[in-house]
Amino acid sequence: MASDVYFIDEAAKKRFKRQRIAFNILTYTFLTICALFMLVPFYYMIITSLKSPEALNTEMNTKTLNLFPSFNQLTLQNYRIVIYGYEDTAKTFAEGNFIRYFANTIFVAVCSTIITVITCVLSAFAFARLEFKGKNLLFALLLATMMVPGEMMIITNFTTVTSLGWKDTYQALIVTHAVSVFYIYYLRQTFQQIPNELYLAAKVDGYGVFQYLWKVMIPIAMPTIVTIIILSVMGSWNAYMWPTMITSKDSMKLVANGLMDLFSSFASSSTSDQLLQLGYEYTDNLRLAGSFMVTLPLFIFFLCFRKYIMRGVSRSGIKG
């Protein structure tokens with residue numbers, strides 16, 4: 001009888017093992033397919049941005065797609081044209097100002113992120129720990145503003161900024177994004193998960209409010225704060241609509257606006273004729289070179305700090 005039970009257990013173990021192997025195979029196959037859907041377009045963007053005008057013209061005219069071109073079909077000329085312009089065409093498209101666009105974007109992203117973090121930390125701490133009249137009502141009103149689409153606030157912001165004389169200034173690009181209700185709510189939830197006993201113990205030890213915030217709450221909530229920093233930088237880097245409205249000078253534009261101006265310039269007859277003389281019958285490689293330049297810094301930034309996003313999102317409590 002015992003031997004029968006033994007054989008049944010062994011058969012069940014083998015069946016379970018086969019099922020687990022089959023499940024793992026299906027899971028990894030599905031994940032691989034999803035990864036290919038995301039990576040193949042990215043690879044196509046990189047490889048096409050490096051193709052010489054002659055290689056791209058041949059592909060477009062013969063309606064073929066070469067994902068593995070030879071080394072002599074690749075060139076960095078496309079990136080040089082996007083960044084610096086090309087002799088007579090330098091004043092026609094982009095004016096070789098891509099470096100200035102990057103500098104503007106980095107400056108705006110850093111400044112707006114610093115101000116955003118300061119306002120979020122102070123506001124979230126006040127709503128999570130301090131007691132004052134009307135706190136819950138005020139927080140409810142702030143949350144209610146999240147129901148208003150951001151597009152509806154653009155005209156109001158534009159009117160306010162122009163009345164202050166901030167058009168074509170860094171203040172207009174930075175200050176309008178210095179406060180985020182969502183980030184305040186997000187950080188407040190993390191602060192509320194910190195045991196109140198720590199606050200009472202800190203008061204007994206003689207800590208003031210700001211000392212407790214700086215030495216206790218901020219270190220504990222650091223994954224959430226880093227997540228806010230990452231999302232704020234990404235939002236500033238990808239901003240397009242507001243910078244387009246508030247900036248008209250080429251020296252004040254951000255990378256998203258500069259990239260769109262670059263694409264628009266390719267459609268002009270003068271630039272098309274000049275590019276045609278350089279062998280660019282098609283400009284897809286130039287467009288993808290500009291797109292890759294704009295995407296790469298943000299992609300690297302995200303890869304370096306992606307673990308903090310997962311920590312901030314998955315943080316559900318604090319173990320004592």
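Reply: One term is needed at the start: contact means heavy atoms within 4.5 Å. This is a predicted model, in which local features need pLDDT of at least 70, side-chain atom pairs count only at pLDDT 80 or more, and totals for chains, interfaces and linings use all residues. Residues are numbered from 1 along each chain as its sequence is written, and side-chain values use heavy atoms, with hydrogens and water left out.

Me: Fine. What does lysine 253 touch?
Reply: Not counting residues up to four places away in sequence, lysine 253 touches Tyr101, Asn104, Thr247, Ser248 and Asp261.

Me: And where does lysine 253 lie?
Reply: Lysine 253 is in the loop between α12 (241-246) and α13 (255-266). Helices (H or I, at least four residues) and strands (E, at least two) are DSSP runs, numbered from the N terminus.

Me: Is lysine 253 buried or exposed?
Reply: Lysine 253 counts as buried because its relative accessibility is 14%. Buried means under 20% relative accessible area, exposed over 50%, and partly exposed in between, with a 1.4 Å probe and protein chains only.

Me: Next, serine 291. Which helix holds it, and what does it touch?
Reply: Serine 291 is in helix α15 (residues 284-314). Leaving out residues up to four places away in sequence, serine 291 touches Met45, Leu259 and Phe263. Serine 291 is also buried, at a relative accessible area of 16%.

Me: Changing topic: which residues touch the most other members of the largest nonpolar core?
Reply: They are Val121, Leu187, Phe191, Tyr212, Leu213 and Met217, in a core of 24 residues. α4 (98-129), α8 (181-192), α9 (196-204), α10 (209-220) and α11 (222-238) each give two or more residues to this core. α4 gives the most, with seven residues. A nonpolar core is a set of buried Ala, Val, Leu, Ile, Met, Phe, Trp, Tyr and Cys residues joined through side-chain atoms within 4.5 Å.

Me: What is phenylalanine 191 in contact with?
Reply: Neighbours within four places in sequence aside, phenylalanine 191 is in contact with Val121, Ala124, Phe125, Ala128, Arg129, Leu213, Met217 and Ala221. Apart from this core lies another, of 22 residues, including Phe102, Trp237, Leu262 and Leu275.

Me: Now the largest pocket. How much space lies in it?
Reply: About 930 Å³. On a 1 Å grid over the protein atoms alone, a pocket is an open set of points where a 1.4 Å probe fits, with protein on both sides within 12 Å along at least five of seven lines, and lining residues have an atom within 4 Å of a point. Grid points are joined across faces, edges and corners, and the volume is the space filled by probe spheres set on the points.

Me: What lines the largest pocket?
Reply: The lining has 30 residues, and Gly150, Asn157, Thr176, His177 and Val179 lie nearest the pocket's centre. The largest share, four residues, comes from α11.

Me: How do the lining residues divide by type?
Reply: There are 18 nonpolar, eleven polar and one charged. Ala, Val, Leu, Ile, Met, Phe, Trp, Tyr, Cys and Pro count as nonpolar, Asp, Glu, Lys and Arg as charged, and the others, Gly among them, as polar.

Me: Last topic, backbone angles. What is the phi of lysine 63?
Reply: Lysine 63 has a positive phi of about 55°, although it is not a glycine. Lysine 63 lies in the loop between α2 (53-62) and α3 (77-84), and it is exposed, with a relative accessible area of 76%.

Me: And aspartate 168: what is its phi, and is it buried or exposed?
Reply: Aspartate 168 has a positive phi near 60°, and is buried at 14% relative accessible area. Aspartate 168 is found in the loop between α6 and α7.
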